[in-house]
Amino acid sequence: MADNKPAILSVFGKEIELPVLTPTAGPDCLDIRKLYGQGDVFTYDPGFTSTASCESTITFIDGDKGELWYRGYPIEQLADNSNYLEVCYLLLYGELPNESQLKDFVARVTNHTMVHEQMHNFFRGFRRDAHPMATMVGVVGAMSAFYHDSTDIGDPWQREVASIRLIAKLPTIAAMAYKYSIGQPFVYPNNELDYASNFLNMCFSVPAAKYTVDPALAKAMDRIFTLHADHEQNASTSTVRLAGSSGANPFACIAAGIACLWGPAHGGANQAALEMLQEIGTVDQIPEYIRRAKDKDDPFRLMGFGHRVYKNFDPRAKVMKESADEVLDLLGIENNETLKVAKELEKIALEDEYFVERKLYPNVDFYSGIILSAMGFPTSMFTPIFALSRTVGWISQWKEMLSDPQNKIGRPRQLYVGADKRDYVPVANR
Ligand code: ACO
């Protein structure tokens with residue numbers, strides 16, 4: 001939507017008109033697509049701090065106000081009143097489903113929870129103690145080798161089938177990656193159970209003993225899935241879009257997203273945050289770690305603190321903190337040392353001038369690790385759980401990109417600062 005008054009950019013004495021695009025919410029955007037053609041200049045924005053890479057109708061974040069909406073609905077309302085599969089429908093199709101649409105969607109997802117039996121052999125090719133994220137990157141990528149009938153991205157039906165398959169099978173794959181890493185047998189999905197209960201069952205039940213999913217823990221799990229379902233153009237989502245912009249198949253694109261999510265500055269932060277709390281160990285060690293976090297010569301950062309977009313608070317962290325309190329209460333965990341360190345660290349950091357000045361607040365990863373650990377998940381499963389929750393966001397964004405008439409292959413330019421043109425020197429003369 002171009003506004004009537006374009007912005008004027010003066011480049012080397014030449015005035016260039018840049019159309020101003022007005023969003024539903026958030027700052028206006030200058031349309032610089034014709035800038036290179038008209039002005040022979042690029043823009044320079046490493047880390048995309050001021051660049052909108054696409055138009056999107058899915059998720060909105062106001063980092064200053066600490067707001068997050070999925071399709072216009074505030075995350076707090078969805079976390080309190082909705083559930084993950086309903087949120088998946090909302091993200092994928094744009095509106096909340098009516099009763100029959102929801103029933104049909106849940107049935108379609110539930111019908112696809114099993115993975116091809118031959119995929120079990122694929123898992124067995126990994127080293128026995130492989131990190132579940134390593135296994136997931138490989139296995140999700142390999143889905144393109146198993147499900148050929150849904151890799152034609154030009155066919156809307158195949159796109160739909162691939163989307164449902166990914167949402168349905170990711171919990172199964174994450175649970176299998178976990179079981180494999182601890183040397184326990186795979187547990188098949190149970191379609192009698194809801195999405196979150198089924199995941200808990202696949203992770204924690206064993207053939208030798210009866211396991212009943214606690215409904216309160218399943219609800220907390222479902223909330224974790226909901227809070228992580230999408231987050232506009234973050235690093236992994238941008239990776240999925242970039243991979244998809246070349247026409248790659250959906251399974252390959254989601255595998256790329258999983259790889260990006262793994263990094264400790266992104267989804268890997270939940271594992272890193274809990275490991276940091278364990279490393280700090282006792283409350284009396286906190287001042288030393290705070291000192292290190294502030295020291296520019298020390299690469300250490302307080303994991304689970306700070307966010308590229310949220311400079312007020314992370315609204316997901318607020319909901320997650322409530323959930324953490326509920327889960328710990330339910331499990332009767334009040335006084336474990338890691339929790340004490342977490343609470344004290346949060347308190348000190350929120351009052352410390354360095355963190356206040358830089359608007360560094362606990363993010364969603366700070367609390368999610370505490371809940372997941374209390375539920376019995378090892379730290380290595382934190383990021384796989386993030387990945388399975390985010391899959392619907394990645395797919396929704398990928399589908400949106402493919403149906404966008406303005407979609408082209410993503411291809412950033414660069415500011416070249418390497419050697420100037422020079423002549424080859426034979427090895428004997430170097
Ligand atoms: N601990 C200590 N200092 C920090 C931290 C931290 N966690 N985060 C930022 N800072 C400081 C930086 O050193 C910088 O200080 P300076 O202005 O004196 O140089 C200032 O705060 C701004 O930080 P940037 O790195 O410019 O912020 P950016 O937006 O690039 O990074 C990020 C955001 C990657 C999330 C960062 O805050 C971080 O590394 N946090 C820890 C990892 C983490 O929790 N990641 C999870 C993100 S949420 C998610 O993916 C779901």
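Modeller: Contact here means that heavy atoms lie within 4.5 Å. Please keep in mind that this is a predicted model.

Colleague: Which residues is Ser 181 in contact with, leaving aside its neighbours within four places in sequence?

Modeller: Ser 181 has its place in helix H7. With neighbours within four places in sequence left aside, the residues in contact with Ser 181 are Arg 128, Asp 129, Ala 130 and Pro 132.

Colleague: Which backbone oxygen does the side chain of Ser 181 reach?

Modeller: The distance is 2.7 Å, and a polar contact requires a pair of N or O atoms within 3.5 Å. The backbone oxygen reached by the side chain of Ser 181 belongs to Tyr 178.

Colleague: Is H7 roughly parallel or antiparallel to H18?

Modeller: The axes of helix H7, residues 156-181, and helix H18, residues 382-402, come within 9 Å and cross at roughly 170 degrees. Angles over 145 degrees count as roughly antiparallel. The crossing angle therefore makes H7, relative to H18, roughly antiparallel.

Colleague: How many residues of the contact of H7 with H18 are nonpolar?

Modeller: Among the residues making this contact are Leu 166 and Ile 167 of H7, and Leu 388 and Val 392 of H18. Two residues of the contact are polar and three are charged. The nonpolar residues number eleven.

Colleague: What percentage of the area that the ligand exposes when taken alone does the protein bury?

Modeller: Nitrogen atoms of the ligand lie 3.2 Å from a polar backbone atom of Ala 265 and 3.0 Å from an N or O atom in the side chain of Tyr 354. An oxygen atom of the ligand is 3.0 Å from a polar side-chain atom of Arg 358. Taken alone, the ligand exposes 930 Å², and the share buried by the protein is 76%.

Note on methods
Residues are numbered from 1 along each chain as its sequence is written. This is a predicted model: local features need pLDDT of at least 70, side-chain atom pairs count only at pLDDT 80 or more; totals for chains, interfaces and linings use all residues. Side-chain values use heavy atoms; hydrogens and water are left out. Axes are lines fitted to C-alpha atoms, for helices over the stretch in contact, and angles run from 0 to 180 degrees between N-to-C directions. Helices (H or I, at least four residues) and strands (E, at least two) are DSSP runs, numbered from the N terminus. Angles under 35 degrees count as roughly parallel, over 145 as roughly antiparallel, 65 to 115 as roughly perpendicular and the rest as oblique. Ala, Val, Leu, Ile, Met, Phe, Trp, Tyr, Cys and Pro count as nonpolar, Asp, Glu, Lys and Arg as charged, and the others, Gly among them, as polar. A polar contact is a pair of N or O atoms within 3.5 Å; within protein, one must be able to donate a hydrogen and the other to accept it, and residues adjacent in sequence count only if both atoms are side-chain atoms. Accessible areas come from the Shrake-Rupley method with a 1.4 Å probe; for residues, only the protein chains shown count as cover.
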